[in-house]
Amino acid sequence: MLKKAYIEITNRCNMHCAFCPGTKREGRTMRAEEFALVLDKLTGTVEYIYLHVMGEPLSHPQLGELLQIANEKKMHVCITTNGTLLARQYETLLAADALYKVSVSLHSFEGNGIDSAQYLEDIWRFADAASKRGVIVALRLWNEGGAEEQN
C-alpha cells in the first residue's frame, strides 16, 4: 500500500508568486464526480491524499463536497495552500472530518500586494482552531538556503 497520492483539484491560483513556476496548461477545476472516481481508484491503495500541485485548492468551488467525499472513502486529506483563502474557507475546513493537515506557504503574500498583518492574523486564527480539532498545521517559510518547515 502506498502512503499518499497527490491530486490537483485545480490548476488555477489566486496568486502570482515569484517562486512558483506556474503552468501553461489551460485553467481547469476538477468536478466532484471526477474527484470521487479518482478516490475510488485509490481506495485500498493510499491512506492520505494531498490536495496540492499547481493550483490553490482552497479556491475550489466544491471544496466542502470534495472533503465530504474523502471522508466517505475514509481518506485523510492534507492541503497545501498559500493561506490567502483560509478566512473564506474557515468553516468548511473546520467542519471536515477528513482534514488531517494544512500546510501554509507563509511567503506567498510577498510581491502580491497582500496586507501581511491581516494575512497572518487569518492564518493564526485558523491554526489555533484547527489544532484544537487535532488538525496538523504546518507553516512553511523560504529563505535563501531553501525551505524550512515549522509546525
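So, reading along the sequence, the chain goes β-α-β-α-β-α-β-α-β-β. That comes to four helices and six strands, where helices are DSSP runs of H or I with at least four residues, strands are E runs of at least two, and both are numbered from the N terminus. Keep in mind that this is a predicted model: local features need pLDDT of at least 70, side-chain atom pairs count only at pLDDT 80 or more, and totals for chains, interfaces and linings use all residues. Residues are numbered from 1 along each chain as its sequence is written, and side-chain values use heavy atoms, with hydrogens and water left out.

Of the 151 residues, 42% count as buried, meaning under 20% relative accessible area, with exposed being over 50% and partly exposed in between, using a 1.4 Å probe and protein chains only.

Okay, helix packing. Helix 1, residues 32-42, and helix 2, residues 63-72, have axes that come within 10 Å and cross at roughly 25°. The axes are lines fitted to C-alpha atoms over the stretch in contact, and angles run from 0 to 180 degrees between N-to-C directions. These two helices are therefore roughly parallel, the word for angles under 35 degrees. Who touches whom? Ala32, Phe35, Ala36 and Leu39 in helix 1 meet Glu65, Leu66, Ile69 and Ala70 in helix 2, with contact meaning heavy atoms within 4.5 Å. By class, that's seven nonpolar, no polar and one charged; here Ala, Val, Leu, Ile, Met, Phe, Trp, Tyr, Cys and Pro are nonpolar, Asp, Glu, Lys and Arg are charged, and the others, Gly among them, are polar.

Now the other pair. Helix 3, residues 86-94, packs with helix 4, residues 116-132, at about 10°, axes 10 Å apart. So helix 3 is roughly parallel to helix 4. On the helix 3 side you'll find Leu86, Ala87, Tyr90, Leu93 and Leu94; helix 4 brings Asp122, Ile123, Arg125, Phe126, Ala129 and Ala130. That contact splits into nine nonpolar, no polar and two charged residues.

On to the strands. Strand 3, residues 76-81, is mostly covered, with five of its six residues buried. Strand 2, residues 48-51, runs parallel to strand 3, and four bridges join them; pairing takes at least two DSSP bridges. Ile49 stands opposite Val77 in strand 3.

Last stop: Lys74, in the loop between helix 2 and strand 3. Lys74 has a phi near 60°, which is positive in a residue other than glycine. Most residues other than glycine have a negative phi. Lys74 is also exposed, at 69% relative accessible area.

Methods:
Parallel < 35°, antiparallel > 145°, perpendicular 65-115°, else oblique.
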